[in-house]
Amino acid sequence: APWDGQVRGTANLASAPTTTEKANLDANFANNGLPYGTVDVWVDAGVNGSGRFIHELETADWFYLRFLQDVAALKVKYSDRGRKVPLDEVGASIVRGLIEGRLAKGVAAEHFQAGQTLAYTEPITDADRLAGKIRAGGEATLLGSARLFDFNFAFVRNPINVTE
């Protein structure tokens with residue numbers, strides 16, 4: 001959810017804030033509950049106290065929690081079968097596959113932009129072998145949510161040139 005939206009079961013304000021009050025609310029990252037279209041109370045902009053969109057923070061928390069669950073399930077599955085998660089390129093490939101799978105689920109759930117995800121593993125060092133560690137990571141472009149719209153229309157008397 002984008003975190004800007006309708007609040008049901010809540011009465012609208014008795015009087016709307018002035019332009020100055022509204023600007024002050026926006027400057028301080030307040031989530032205003034004001035009328036929008038046919039909706040009595042619409043919360044906007046869906047940001048935290050630092051101005052960061054809440055849906056972006058929620059995406060990061062979702063990814064981190066679910067990915068840790070993916071890794072734990074992998075480790076349990078291998079251990080239950082009496083197998084090691086190989087501490088080599090094969091094991092790194094397995095972990096990269098977990099990252100790619102979770103990123104794909106993020107794309108399907110509209111957390112990330114399609115075609116804008118990357119999973120990688122780091123080369124295994126002597127220190128990694130000593131610690132029993134596979135290092136990996138990834139990147140993804142967050143899928144934003146439009147909340148502001150800007151249009152430009154012209155209505156004229158003379159014919160316009162319509163080309164496709």
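User: In which loop is Glu110 found?

Analyst: In this predicted model, Glu110 lies in the loop that connects helix H3 (89-108) with strand S4 (112-121).

User: What is the phi of Glu110?

Analyst: Phi of Glu110 is near 65°, a positive value in a residue other than glycine.

User: Which value of phi does Trp3 have, and where is Trp3 found?

Analyst: Trp3 has a positive phi of about 75° and is not a glycine. Trp3 belongs to the segment before S1.

User: Why is Trp3 called partly exposed?

Analyst: The relative accessibility of Trp3 is 42%. Buried requires a value under 20%, exposed a value over 50%, and partly exposed covers what lies in between. Trp3 therefore counts as partly exposed.

User: What makes Ala45 buried?

Analyst: Ala45 has a relative accessible area of 12%. The cut-off for buried is under 20%, so Ala45 is classed as buried.

User: Which residues does Ala45 touch, leaving aside those up to four places away in sequence?

Analyst: With that exclusion, Ala45 touches Asp4, Ala30, Asn31, Phe53 and Arg147.

User: Where is Ala45 found, and is the peptide bond from Asp44 to Ala45 cis or trans?

Analyst: Ala45 is in the loop between S3 and helix H2 (54-80). The peptide bond from Asp44 to Ala45 is cis, with omega near 25°.

User: Which residue is the bridge partner of Asp44?

Analyst: Asp44, in S3, is the bridge partner of Asn32.

User: How do you know that S2 and S3 pair?

Analyst: There are 4 bridges joining S2 to strand S3 (residues 39-44). Pairing calls for at least two bridges, so S2 and S3 count as paired. The two strands run antiparallel.

User: In what order do the strands of the open sheet lie, and what makes S1 and S2 the edge strands?

Analyst: The open sheet consists of 3 strands in the order S1-S3-S2, with antiparallel pairing. Strand S1 (5-6) and strand S2 (32-36) are the edge strands, as each pairs on one side only.

User: What pattern does the chain follow along the sequence?

Analyst: The pattern is β-α-β-β-α-α-β-α-β, from 4 helices and 5 strands.

User: How does the radius of gyration of the chain stand against that of a compact globule of 164 residues?

Analyst: The chain has a radius of gyration of 24 Å, whereas a compact globule of 164 residues would have one near 15 Å. Along the principal axes, the C-alpha atoms fill a box of roughly 75 × 50 × 25 Å.

User: What share of the contacts with a separation of 6 or more joins residues 24 or more positions apart?

Analyst: Such residues account for 54% of those contacts in the chain.

Notes. Residues are numbered from 1 along each chain as its sequence is written. This is a predicted model: local features need pLDDT of at least 70, side-chain atom pairs count only at pLDDT 80 or more; totals for chains, interfaces and linings use all residues. Side-chain values use heavy atoms; hydrogens and water are left out. The radius of gyration is taken over C-alpha atoms; the globule rule is 2.2 Å times the number of residues to the power 0.38. Contact means heavy atoms within 4.5 Å. Buried means under 20% relative accessible area, exposed over 50%, partly exposed in between (1.4 Å probe, protein chains only).
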